[in-house]
Amino acid sequence: MAAEQGRTQRNGRSDAAANEPRSSPCTSLKMFLVALSFAYFAKALSGSYMKSTITQLERRFDIPSYLIGVIDGSFEIGNLLVIAFVSYFGAKLHRPKIIAVGCVLMSIGTFIIALPHFIIGRYEFETSVRWVVNSTLNPSPCAMGSPADLSQSGKLPAAPPTGCEGESNLSMWIYVLLGNVLRGIGETPVQPLGISYIDDFATEENAALYVGCVQTISVVGPVFGYLLGSLCAKIYVDIGFVKMETITITPADARWVGAWWLGYLIAGVITLLSAIPFWFLPRSLPMSGPRGPEKCTPEQTSFIKDSPLLKHKYPADDNTTFIEMAKDFFPTLRTLLGHPVYLIYLCVTIIQLNSLIGMVTYKPKYIEQHFRQSASKANFLMGVINIPAVALGMFSGGLLMKRLKLNIMGAARFAFGTSLIGYFLSLFFFTMSCENAKVAGVTLSYNSVDTVSYDKHSLLTACNSDCLCSASDWDPVCGENDVTYVSPCLAGCTGSTGSGKNTVFSNCSCVGVAGNFTASTGQCPHTDDCDRMFPYFLALSVITSFIISLGGTPGYMFLIRCIKPQLKSLALGFHALATRTLAGIPAPIYFGAIIDTTCLKWGQKRCGGIGACRIYNTTAYRIAYLGLTLSLRTISFIICIPGFILLSRQLKSEERNGIHGALANGGTELEALRKEEFVTSNSDQSQQTSDNSTDRETRL
């Protein structure tokens, strides 16, 4: 009777615990999943928008590509400062609130990036075209007087003007760098704490799907980031402060700067909104599903710590003090770094991310320079065509992992196979080339207007020797002979009619022998060969992006599963730390530096010095950009070979240990069952003896 009452009480407590907030853990987990997805979306949007504004920032601040790489890598520097400690200590504190603080910091950093626009002066670019009502007042592009006449079009002469030392735009890019560092600091807790929170409280079968959903949203964010970049690139940088009819350049011009600052204001607001839900989420959730001890029998409860269902779950310890955590940090880190499979995985992902980050950072610029597309169109195509393929691949990878029920080795093979297929397909990019633009004095000589070469040419020749031309200007015009000239002065043009974008230069001695040929503003199109090749480039880019991204989620789940559960948060955090330090920071810098070596014509700052590149050697650009990307992937595949060998040995060792452990546990359980059976048998025998004696007494 007492045993029955105890069993009833236990069942009552179990039912009450199960029915009290049965839907609460699931609901809270789904709320966290939605909030984390929105935070991933916000940080991905602002990050991709940063990459979409690379050429805009280059031109606005007159800086080369390697310096843009420093600015882009400053985000990872912010991560580097705090990520190891946030990942370790944050896992044992209130994770949702730490993520909320991070989102607020990201928002502030994004606003700081846009700050220089409101401090700096109006954007000025070199041009011989003037906006005048009466076209008869147009001066001659070919200045035959004193050198002072070079400033007649409003352009500064070669000598630095008075007060140029105090020009603010020379240092305004530092604000962009500092804002990006703060963005990196704020982004730190989102990934390691968010993913570990989901993996702790989601069921085993749903963890991979949830992570796949979050990763998919993080890839959807760049779609809107690049679309926002495309929209802002169409808008002139000083919109609202200048009359648009006075702007003499178009978005296709190498001097055009879009409203880069506007997108950062929008991204900052979105990031600030993403912080709100995390303030209302709990620190931890009850263990739902069949994993909880309240759903188990007493015999199962005694073995619950060894249950395979809890193998990868390690909820935070609420009672651990800060000092104890600090003392345990370095021994734990040493244990993690002593794991050979984890180290091999770390090296492979670092090298592959070097390739990926460098490629993605400069891909819009590659499309602009190699296929002669505007910045707006390049960003639009990245957002509408390329990024959705990546998102679909990430989601499909998570779904396939759940459907196929891939183990650790299966996930590793899947990720390796998809990456290898994408590698071989990427080799075809080398065959998709466009001829360089015909620019007199840059890619061809004035005397040979048909043969493009990259030898050193002279901008000054007999046809423009009578003009006092500046060789540092970039004010291109298209002659009737379909050759681009660096400026109307270097084309030998002595007259002009019309105004603004409709200006036509006449009597251009370098365009034709007779000297009565004309030239119009802007570069010559020369897009016939590129228009035929560009669709094939886009199609192959979509296919390779989809195939490579298929292995993204299985590869990430491999990272979580290949180490002990108590090292999970630290492993995620250190992985992010290492990849940001050794891939996120250096990759944009050395990719940009190598791209700079292919520049044929540099712009010049108002106060002297090299500015942004105006035109590249497209053949050298293609070889450097694609060659560096694929070389890094080749190295990563070689390192994978010992990784698979070590992983196979580890799994065999764990399998042997598991069999021995199961046999030991099985022997213990069998002994206990035999004892219980012996006690029950004796009890039945004594009960039977007592009943028999009672019957005898009754019969007597």
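## Disulfides

A disulfide is a pair of cysteine sulfur atoms within 2.5 Å. By this rule the count in this predicted model comes to three disulfides. Residues are numbered from 1 along each chain as its sequence is written. Because the model is predicted, local features need pLDDT of at least 70 and side-chain atom pairs count only at pLDDT 80 or more, while totals for chains, interfaces and linings use all residues; side-chain values use heavy atoms, with hydrogens and water left out.

Helices (H or I, at least four residues) and strands (E, at least two) are DSSP runs, numbered from the N terminus. A residue is buried when its relative accessible area is under 20%, exposed when it is over 50%, and partly exposed in between, with a 1.4 Å probe and protein chains only.

C599 and C613 are joined by a disulfide with an S to S distance of 2.0 Å. The link of C599 and C613 is right-handed, with 100° about the S-S bond. C599 belongs to strand β7 (residues 599-604) and C613 to strand β8 (residues 610-616), so the pair ties together parts that are 14 residues apart in sequence. Both C599 and C613 are buried.

Another disulfide joins C478 to C524, with 1.9 Å from S to S. The torsion about its S-S bond is about 105°, so the disulfide of C478 and C524 is right-handed. This pair links distant parts of the chain: C478 is in strand β2 (residues 477-479), and C524 is in the loop between β6 (519-521) and α15, 46 residues apart. C478 and C524 are buried.

The sulfur atoms of C493 and C508 are 1.9 Å apart and form a disulfide. Here the torsion about the S-S bond is about 100°, so the disulfide of C493 and C508 is right-handed. The pair links distant parts of the chain, 15 residues apart: C493 is in the loop between β3 (484-485) and β4 (495-497), and C508 is in the loop between β5 (504-506) and β6. C493 and C508 are both buried.

## Two other cysteines

C347 has a relative accessible area of 37%, so C347 is partly exposed. C640 counts as buried because its relative accessibility is 12%.

## Aromatic pairs

Rings of Phe, Tyr and Trp (its six-membered ring) pair if their centres lie within 6.5 Å; planes under 30 degrees apart count as stacked, over 60 as edge-to-face and the rest as tilted. By this rule there are 24 aromatic pairs. One of them is formed by Y345 and F558, which is tilted, with 5.3 Å centre to centre and 50° between the planes. This pair links distant parts of the chain, with Y345 in helix α12 (residues 340-371) and F558 in helix α16 (residues 552-561), 213 residues apart. Y345 is buried, with a relative accessible area of 15%, and F558 is buried at 6%.

The ring centres of F371 and F534 are 5.1 Å apart and their planes are at 45°, so this pair is tilted. F371 is in helix α12 and F534 in helix α15 (residues 528-550), so the pair ties together parts that are 163 residues apart in sequence. F371 and F534 are both buried. One aromatic cluster is formed by Y366, F371, F429, F534, F537, Y616, Y621 and Y625.

## A charge over a ring

A charge sits over a ring if NZ of Lys or CZ of Arg is within 6 Å of the ring centre and within 35 degrees of the ring normal. K43 lies over the face of Y40, at 4.6 Å from the ring centre.
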